[in-house]
Structure formats: C-alpha cells, structure tokens
Amino acid sequence: MTPRPVLGLRARLLFAFALLCVVTAAAVAGAIYVEARNAILQRAQDAAVQAMRTRMEALFPLETATPGPAELDDIVRIVTDGNGPVVAVYHEAHSVTRPPPGGRRPPGGGPILTPEVIPSGLRRVVAGGDMAWQRVVWQGQPILIIGSPLLIAEPDRTTRVSGIEIYTARNLLPEQHSIDRLAAFAWLTGGAALAFAVVLALLATRGVLRPVRELGRAARLLGKGEMRTRIEVRGSDELADVARTFNTTAAELERHVRQLREMEADARRFVADVSHELRTPLAALAAVADILDEEATRLPEPAGRAARLVSQETLNLTGLVNDLIEISRFDSGVAALALNEIDVAELVRATLRTRGWTEPVHTELPPGVTARLDPRRVDVILANLVGNALRHGEPPVSVRLSADPHWIALEVRDHGPGLDEAVLPHVFDRFYKASASRARSEGSGLGLAIARENARLHRGDLTVTNAPDGGAVFTLRLPRRAPDPDGGPE
Amino acid sequence: MVGGVSRVLLIEDDPAVREGLELALTRHGHRVRAVESGEQGLDRLRADLPDVVVLDLMLPGMDGFEVCRRIRATGDVPIIMLTARGDDMDVVAGLEAGADDYVIKPVQPRVLDARIRAVLRRIGRDQAELERHGELTIDRAGLVVANHGVPVSLAPTELRLLLELSATPGRVHSRQQLLESVWDHGYFGDSRLVDACVQRLRAKIEDDSTAPVYVQTVRGFGYRFGPV
C-alpha cells in the first residue's frame with residue numbers, strides 16, 4: 001500500500017509548476033548567460049591578443065638574444081600601450097616593474113605585473129614557444145594575462161625560442177560588469193517568470209480544485225441526507241464527467257430514499273388506520289368485558305372460563321391498540337408535551353403509589369429536585385421501567401434520582417442476571433422479544449419503544465446497560481428545562 | 001339525583017358502543033338514557049333533566065362540540081366527553097366548549113363510573129359568612145357566586161375550582177393538587193383540564209379575562225386566588 005501523500009493536491013501542483021518554471025528558466029538563462037559570457041570574454045581576449053601581436057612586431061629586430069633587465073625594460077617600453085602592465089621575462093631576469101610612461105597607472109588602478117603573478121602553467125606553455133593567455137583573479141580583480149614568446153627565425157625558415165617571454169595583463173573589470181549585469185538581468189527575468197508561473201499555477205489549481213472541492217462538499221451534504229444536492233456541470237472535461245456521474249447517482253439515491261420513505265410512511269399510516277378502526281369495536285367490547293368477568297363465576301363451565309378469557313384478552317387487546325395509536329402519534333409528530341414545574345421525587349412516589357409498588361421498590365429520592373416535565377409522560381416511562389424490573393428482574397428493584405444544574409437522571413435497576421449483551425441494542429425496538437418463547441401476556445411489546453419516544457420528546461434519552469455486579473440498569477436522562485414548543489401552560 | 005341513583009344521558013352514535021356503555025353504566029347503578037345523535041340528546045336533556053351527560057365528540061350531524069356548547073348555554077349539567085385516543089385537539093376544543101372532564105375510548109366502565117361520581121360529588125356546604133373579594137361575593141352556604149351583585153351561573157367543576165382556590169387566598173395551588181382536589185384525578189390527571197376550567201371560570205367572573213384579578217396564573221407553578 002502506498003503511503004498517503006503528505007502534501008495536498010494544490011501544493012503538489014504548485015510545486016510541480018514552480019519546479020518546471022525554475023528548471024526551464026535556469027536552463028534558458030544559464031545557456032544564454034554562458035554563451036554571452038563566452039562571447040564577451042572572447043571578444044575582449046581576441047582584441048587584447050591582436051593588440052599585443054601588433055605591438056610586438058615593433059620589437060624586431062632584437063638588439064640582443066640575451067637581454068639583461070635594462071634591455072627587458074626597453075622591450076616593455078616598446079610593447080606597452082598604456083592599457084595594462086607589461087613584463088618581459090628572460091629566464092631568471094625580468095623587466096623592472098614601474099609605472100608606464102606618462103605616469104599612467106594601469107586602468108582601474110591596476111597593480112603592477114610581476115612574474116610571480118603569472119600562473120606557472122601559462123609560463124610553461126609560453127616557454128614552449130606558443131602564445132597563450134589565461135584569466136586569473138588577481139587582488140580581487142579579474143584580469144587576462146597574455147604571454148607570448150619571442151621567436152627567432154632561422155635562415156632555414158624554422159624558428160626557435162629566444163627565451164624571452166612577454167606578458168601583458170588586461171583588466172577585465174568592464175567585461176565583468178557587463179557579465180554581472182547580464183547575470184542580474186537573468187536572475188530578475190527568471191524570478192519574474194517564476195512569480196508569473198506561480199500565479200498561473202494558482203489559477204490552474206483553482207480551476208481544477210474548485211470542481212473537486214465542490215464535489216467534496218456535495219458528497220458531504222448528500223451524506224448528511226440532503227438528497228437534493230446537485231453539482232453544476234461546467235464544460236465537457238473529465239471533471240464535468242465526474243459531476244454528471246455524481247448528479248445521476250444522487251438523483252437515483254434520492255429516488256430510492258423517497259421510495260423507501262413513502263413505503264415506510266404507508267406502512268405506518270396503515271398501522272395507524274388499523275388501530276383507529278379497531279377502536280370502536282374495542283370500545284364496545286371493553287364496556288361489557290367487566291360484566292362478563294364479574295358474571296363468570298356464576299356461569300357454568302366452560303362458559304365461565306370462556307367469559308374470563310374474553311374479558312382478559314379484551315383488556316390485552318385494548319392495551320395493544322392503545323400502544324399502537326400512541327406510537328403512531330410519535331411517528332406522525334403530533335405527540336406534544338404538557339410541561340409543568342414538577343417535584344421529581346413526588347412524581348416518582350406518585351407513580352409507585354398509584355400502582356401499589358411502594359413496598360417492593362427501594363427509592364433514593366433527594367428532596368427539592370424540580371424540573372419542567374410532562375408528568376404523565378414521565379409516569380408512562382417510569383411505570384414501564386419499574387414494571388419490567390419487577391416482572392423480569394430480581395428484587396431488590398431500586399429507583400435512584402440524581403440531578404445536576406441542567407439534567408435529572410432516574411436510574412431504575414434490578415438485581416437479576418441482567419440482559420444478554422446481544423439483546424441490549426434491541427430492547428427499545430418495537431415488538432422486540434428477547435426470546436421467541438417469551439410469553440405474549442407480558443405486554444404489547446411497545447412499552448420500551450414508547451418509553452424512549454417519551455424521553456426523546458423531552459429532548460432527553462433512555463439508555464440501558466448491565467451493572468457490573470449484575471442486573472439491568474435503565475437510565476432516564478431529562479433536561480430540567482425541556483424546550484417548550486408553544487409556550488406551554490401559562 | 002334521586003336516592004343516590006344518577007340519571008345519565010349518553011349520546012353515542014355507534015350502536016355497539018352505545019349498548020355496551022348502557023349495559024355497563026346500568027350495572028354500576030346509574031339510570032341511563034342512551035340516544036344516537038346530538039339533536040335527540042338536546043331533546044332528552046329538556047325532557048329528562050339528567051344529572052350528567054356522557055357525550056361522544058364524533059357524532060354525525062351536529063357534532064359533539066356544538067352539542068356541548070348548546071348544553072352549556074342552557075344550564076350547568078356536568079358533561080363528560082368520550083374522545084378517541086390521540087385526538088388531542090378534540091380534548092382541548094371539547095374542554096373549551098364547556099366539558100367538565102373527558103375519558104378516552106376504549107374506556108373501562110369503572111373508570112367512566114368513577115368520573116361520573118367525581119363530577120356529581122356533592123359540594124360541601126359551609127356555614128360560613130358571605131365572603132367578599134372585591135366585586136365578587138361567594139356564598140359557601142348557598143353555593144351562590146355573584147359578580148357586581150349579579151349571580152353567576154357556574155358549572156359544578158367551575159364552582160368547585162373557585163371554592164377550592166378562594167378558600168386560601170394568595171396560596172399557590174399546583175395543577176396536580178387541583179386535579180386531585182377538584183377532579184378526583186390523582187397525580188397524573190391531565191393538567192389541561194385545569195387550564196381549560198380556569199379559562200371558563202375567568203370568562204364568567206373576571207371583568208377582563210386577559211388581565212385576571214381573582215384567578216391568577218403563577219407561571220410554571222399553578223394558580224392562586226387573588227390577592228384582590
């Protein structure tokens with residue numbers, strides 16, 4: 001697997017552009033620079049060498065083949081043209097250095113040439129009988145030293161080295177300045193080109209990255225459920241293709257989600273309708289079930305048992321239909337809170353008292369905890385939790401109240417074996433049964449689902465865990481100031 | 001009421017429910033007259049003078065709310081609505097139309113019986129002096145309330161609520177307390193009963209029911225009487 005690139009797409013594109021520009025600019029400017037530099041130097045060199053040759057022709061004929069310093073000085077005087085110092089060397093002897101005639105110093109206050117300045121390589125070549133030149137930096141200044149041997153022409157038209165060497169130095173400062181200017185100009189142009197390239201690169205990356213960013217934003221929106229998210233398709237490049245594909249996919253997705261939602265809404269509406277239709281016959285049944293129940297003892301068997309059965313099942317059916325209607329009210333969003341400032345401990349006690357649970361349930365209810373709640377809905381939640389704990393858990397069953405400035409928490413726990421870990425995530429599902437064999441008479445199967453809906457209507461929550469030392473713990477958390485949709489009772 | 005037997009007028013359009021409730025209420029010791037429409041109900045009301053009306057809100061023809069308003073316009077007979085579960089708007093509208101209490105269908109007969117007995121509960125008469133609160137006079141012995149000297153006609157629940165609140169002027173009563181003391185509903189009664197009854201009471205005794213003097217709201221807690 002390749003490691004994820006550290007740099008973003010934008011940085012990488014920028015970097016590539018800049019690199020490309022630098023390489024190109026450096027190559028072009030470098031080549032031109034070298035070429036121009038060579039041309040400038042060559043011309044200066046050629047001119048200097050030519051001038052020297054011309055002047056040296058004035059030397060002939062030599063007065064002596066073995067000159068001393070005085071003769072060398074004479075040679076120098078003849079060769080000097082005032083453009084640079086000259087030195088004549090003959091073996092160990094050399095012309096005495098002095099300012100050229102007229103007291104003129106070499107241009108730029110140039111130093112006086114001595115044989116020590118002349119590179120030994122150059123001297124060897126010149127001593128070998130060839131004219132040669134070399135650029136050296138001497139006392140911080142670039143100079144061209146041209147060396148030329150004096151040759152003796154024999155009668156048989158051959159030549160031999162006379163041993164006299166003449167060196168002249170020419171200051172290259174003006175040429176250096178020209179080259180420096182050239183280099184500076186090259187740098188400047190290169191820099192400007194780089195800046196221009198960066199700007200171009202930024203524009204280009206924006207052109208590429210904007211659609212990419214838009215795509216990312218649209219994908220995020222889609223993920224959040226904004227099914228109507230689409231991207232504007234610009235042009236006909238690859239990015240436009242991607243945008244078109246995205247739009248098609250989003251449209252398909254929207255259609256599927258809408259279908260699913262419609263199906264779900266249909267299913268829920270059906271349940272609600274069925275429940276409402278069941279209500280009227282049930283109302284008649286419920287009205288007379290008590291009579292059957294009370295008369296059952298006086299009826300002969302098996303009519304008596306049948307009567308009791310009808311009565312009991314009418315009651316269960318009523319509970320189921322009521323729960324179905326209740327849950328479909330949550331689904332359709334018509335369930336509303338009737339908020340009141342409530343003493344929570346009093347509410348819990350009322351729930352337990354109403355159902356005769358004061359005895360079997362241990363309570364830990366700190367006084368003075370008030371909250372703005374719908375007491376009837378909280379009663380439904382608590383009755384369900386405590387009822388379950390009493391039916392399925394082991395005693396002691398306890399209800400514990402705790403509070404902080406913004407929330408109250410009611411903890412209902414039993415000391416039974418707790419809930420199976422596989423069951424925990426599903427206990428609030430509708431009609432979820434922990435085991436297929438569980439008896440139907442234990443409730444509609446909607447109790448915990450309704451309890452959680454009631455908690456959420458308060459903008460609170462209902463959760464379940466197993467206590468470390470055994471037993472299921474249901475925790476109801478409610479805000480002390482539940483949001484009031486319509487201002488609530490005055 | 002004659003000898004502890006109350007006369008109940010049951011207005012319910014569904015024949016099965018009507019018959020079932022008639023059977024059950026008769027068994028609980030009430031004398032029941034069951035009719036199937038609001039028009040018939042209003043006729044029987046004038047003829048029978050029942051002690052209590054049990055009224056289904058969903059009626060063909062004249063609906064339950066209209067029946068409720070017409071009954072209220074003619075007298076103070078207590079009205080208990082039969083509403084379908086989940087029809088919250090109906091409950092509120094019915095209470096505003098003047099109903100004293102409501103039960104949700106399918107209802108257990110013993111619950112309906114308890115509600116009937118609660119609204120018919122005799123109001124204890126005190127041998128107290130005539131109370132004066134501003135322009136309002138309350139006669140706890142004769143159970144007569146007058147505003148600016150004019151007797152005010154109050155439904156039994158409204159009267160009980162006023163007597164309960166005015167017995168301790170300045171004290172705040174929570175809705176839960178009022179539900180227990182006035183409606184016999186226990187702690188988890190519907191607090192909208194209290195709110196609706198307060199509104200009706202204010203409309204009858206306050207000069208300006210939007211700026212009440214006698215029955216005042218203590219926001220978040222409940223109601224108190226005065227101080228005038």
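Author: pLDDT is the predictor's confidence in each residue, from 0 to 100. The model is predicted. Chain A has a mean pLDDT of 81, and 89% of its residues reach 70 or more.

Reader: Where in chain A does the pLDDT stay under 50?
Author: Over residues 99-110 of chain A. The model has 18 contacts for that stretch beyond four places in sequence. Residues 437-441 of chain A also have a pLDDT below 50. That stretch has 2 contacts beyond near neighbours in sequence.

Reader: What makes B:Asp56 buried?
Author: A residue is buried if 20 or more other C-beta atoms lie within 10 Å of its own. B:Asp56 has 25 C-beta neighbours inside 10 Å, so B:Asp56 counts as buried. B:Asp56 sits in strand β3 (residues 52-56) of chain B. Leaving out residues up to four places away in sequence, B:Asp56 touches B:Ile11, B:Glu12, B:Asp13, B:Gly64 and B:Leu82.

Reader: What does UniProt list for B:Asp56?
Author: The UniProt record, an unreviewed entry, gives "modified residue: 4-aspartylphosphate".

Reader: Why is B:Glu96 called partly exposed?
Author: Exposed means 12 or fewer C-beta neighbours, and buried means 20 or more. B:Glu96 has 16 inside 10 Å, so B:Glu96 counts as partly exposed. This residue is in helix α4 (residues 88-96) of chain B. Leaving aside neighbours within four places in sequence, B:Glu96 is in contact with B:Ala196 and B:Gln199.

Reader: How far apart are the C-alpha atoms of B:Glu96 and B:Leu193?
Author: They are separated by 9.4 Å. Along the chain, the two residues are 97 residues apart.

Reader: How do you know that the buried residues of α2(B) share a side?
Author: Start with the residues. B:Gly38, B:Gly41, B:Leu42 and B:Leu45 are buried in helix α2 (residues 38-48) of chain B. They cover an arc of only 100° around the axis, so they lie on the same side of α2(B). On the other side, B:Asp43 and B:Ala47 are exposed.

Reader: Which elements do the buried residues of α2(B) pack against?
Author: They pack against β1 (7-11), β2 (31-35) and α3 (64-74) of chain B.

Reader: What makes the span of α5(B) close to the expected one?
Author: The expected span is 1.5 Å times one less than the number of residues. Helix α5 (residues 109-120) of chain B has 12 residues, and the expected span is 16 Å. From first C-alpha to last, the helix reaches 16 Å. The buried residues of α5(B) are B:Pro109, B:Leu112, B:Asp113, B:Arg115, B:Ile116 and B:Val119. They cover an arc of only 160° around the axis, which puts them on the same side of α5(B). B:Arg110 and B:Val111 are exposed on the other side.

Reader: What kind of peptide bond leads from B:Lys105 to B:Pro106?
Author: That bond is cis, with omega near -5°. B:Pro106 lies in the loop between β5 (101-105) and α5 of chain B. In chain A, a cis peptide bond joins A:Glu301 and A:Pro302, with omega about 5°. A:Pro302 is in the loop between α5 and α6 of chain A.

Reader: Why point such things out?
Author: Most residues other than glycine have a negative phi, and most peptide bonds are trans.

Reader: What is the phi of B:His148?
Author: Positive, about 55°, although B:His148 is not a glycine. B:His148 is found in the loop between β8 (144-147) and β9 (150-152) of chain B.

Reader: Why is B:His148 called exposed?
Author: The cut-off is 12 or fewer other C-beta atoms within 10 Å. B:His148 has 10, so B:His148 is exposed.

Reader: How many residues of chain A are in contact with chain B?
Author: 27 residues of chain A are in contact with 31 residues of chain B. Two residues are in contact if their C-beta atoms lie within 7 Å. On the chain A side, α5(A) gives the largest share, 11 residues. By class, that side has 14 nonpolar, 5 polar and 8 charged residues.

Methods:
Residues numbered from 1 in each chain as written. Chains lettered and ligands numbered in written order. Predicted model: local features only at pLDDT ≥ 70, side-chain atom pairs only at ≥ 80, totals over all residues. Helix = DSSP H or I, 4+ residues; strand = E, 2+ residues; numbered from the N terminus. Nonpolar A, V, L, I, M, F, W, Y, C, P; charged D, E, K, R; others polar. Arc of directions from axis to C-beta. UniProt positions renumbered as here; feature names shortened; annotations may be inferred.
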